[in-house]
Amino acid sequence: MNCIIIDDETTARVIINQLCSQINTIHVAAEFPNAMQAIKYLNQNEVDLIFLDIHMPDFTGFDFIQTLKNPPRIILTTSDANFAIEAFEYDCIVDYLVKPILLPRFQKAIQKAENKPSKTKALSNNNKIETTSGNDLYINIDRRLIKLDIPSIYLIEAKGDYINVKTEEKNYTVHSTLKKIEDKLPTHLFLKVHRSYIINIKKIIDIEDNSVLIKKDVIPVSRSNRPELMKRLNLL
Amino acid sequence: MKPNLTYINSLSGGDDSFKEKLISVIKLEFPVEKATYIKNIEAKNYQIAAENVHKLKHKISILGLEESYKIAACFEKNLKENSMTLKEDFENILQTITNYLIKL
């Protein structure tokens, strides 16, 4: 299991690292003196387990958990036994270790973590289309919901289990299907012109035979979809 | 009871480099945490001082001072209620640890 350690006390991090080094199945990927640095790391990296101190200045362990959309398994580490009841209100918390932590108790906590199914693993690479609201479309990229302005999307391309969403500003790869995103988009703006492409018809530069030019992309138009495309255009 | 390395030794499993590393980290961190606690007591920031005591409790337990740990836990609770009861006892513990770390 890949894990990270979050504790503002260096002594505590050194001790947890040492305890982890005595268990073959655990790899400490990183350690952080505060929650904010850990959040930045988790936006880019996936972990199986977090050792989390509750008492940290500015941002407590519980505050941190609430920022995580799909928290991995968490083992709380604290010098205070009084938070145990609150701790187990969170599904992701597998154990609660009171400092100073002894190896046999630590091993037991790791066993509990290993026996608990990981939501994060189930959702690995889980970039999904979440919801739409008015002109906005939210896509889930590495546990962050990113808002896209729908009119700024000019092309959506199917790529196996993923779709490429191209916007004026940036391109996004999302784990989804053309069908799912098509259902979320306004029909007056978007049209499926090919089994692998949905285009924003307001962004068409020109049409030639069985293809359309959108930005610098030449997109094929299937024979069956061409009549609908032509119908949508304001032809002279 | 005097401060001791029983916990650190058991944690090290004979790994002397880990033992040295942990002791050097404690030697660096403890005086800073102690100074922060004193500053907050002098400024009458009792709630923040309680958090400082909370952090210091861990060092107290690492050095095997079980009874002192209980005193620290009570003092932390007192500070949260703006009470100075056990302040002297707690500060004696800090001094004991300071003396011990100098000799390590």
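This is a predicted model: local features need pLDDT of at least 70, side-chain atom pairs count only at pLDDT 80 or more; totals for chains, interfaces and linings use all residues.
Chain A holds eight helices and 16 strands, and 48% of its 236 residues count as buried. In chain B, helix H5 (residues 87-103) packs against helix H3 (residues 46-62) and also against helix H4 (residues 66-80).

**Chain A as a whole**

- Let us begin with the contacts in chain A between residues at least 6 apart in sequence: 49% of them join residues at least 24 apart.

- Strand S10 of chain A covers residues 162-167 and is mostly covered, with five of its six residues buried.
- Strand S9 (residues 153-159) of chain A runs antiparallel to S10(A), and six bridges join the two.
- One of the paired positions links A:Lys159 with A:Tyr162, its bridge partner in S10(A).
- The hairpin of S9(A) and S10(A) has two residues between the strands, and A:Gly160 in this hairpin takes a positive phi near 65°.
- S10(A) is also joined to strand S11 (residues 171-175) of chain A, by five bridges and again in the antiparallel sense.
- Across this second pairing, A:Ile163 stands opposite A:Val174 in S11(A).

**The open sheet S14-S15-S16 of chain A**

- Further along chain A, three strands form an open sheet in the order S14-S15-S16, with antiparallel pairing.
- Strand S14 (204-208) and strand S16 (217-220) of chain A are the edge strands, as each pairs on one side only.
- On average, neighbouring strands of this sheet are turned by 25° against each other, direction ignored.
- Four bridges connect S14(A) with strand S15 (residues 211-214) of chain A, in the antiparallel sense.
- Within this pairing, A:Ile204 stands opposite A:Ile214 in S15(A).

**Helices H3 and H5 of chain B**

- The crossing in which H3(B) passes H5(B) is left-handed.
- H3(B) brings B:Val53, B:Leu56 and B:Ile60 to the contact, where they meet B:Phe90, B:Ile93, B:Leu94 and B:Ile97 of H5(B).
- Sorted by class, the contact of H3(B) with H5(B) has seven nonpolar residues, no polar residues and no charged residues.

**Helices H4 and H5 of chain B**

- H4(B) and H5(B) pack with their axes 9 Å apart, at an angle of about 135°, and therefore H4(B) is oblique to H5(B).
- H4(B) and H5(B) have a left-handed crossing.
- On the H4(B) side, the contact is made by B:Ser68, B:Ile71, B:Ala72 and B:Phe75, while H5(B) supplies B:Lys87, B:Asp89, B:Phe90 and B:Ile93.
- By class, the contact of H4(B) with H5(B) has five nonpolar residues, one polar residue and two charged residues.

Key. Residues are numbered from 1 along each chain as its sequence is written. Chains are lettered from A and ligands numbered from 1 in the order in which they are written. Side-chain values use heavy atoms; hydrogens and water are left out. Axes are lines fitted to C-alpha atoms, for helices over the stretch in contact, and angles run from 0 to 180 degrees between N-to-C directions. A crossing is left-handed if the near helix is turned anticlockwise from the far one by less than a right angle, and right-handed if clockwise. Contact means heavy atoms within 4.5 Å. Ala, Val, Leu, Ile, Met, Phe, Trp, Tyr, Cys and Pro count as nonpolar, Asp, Glu, Lys and Arg as charged, and the others, Gly among them, as polar. Buried means under 20% relative accessible area, exposed over 50%, partly exposed in between (1.4 Å probe, protein chains only). Two strands pair if DSSP finds at least two bridges between them. Angles under 35 degrees count as roughly parallel, over 145 as roughly antiparallel, 65 to 115 as roughly perpendicular and the rest as oblique.
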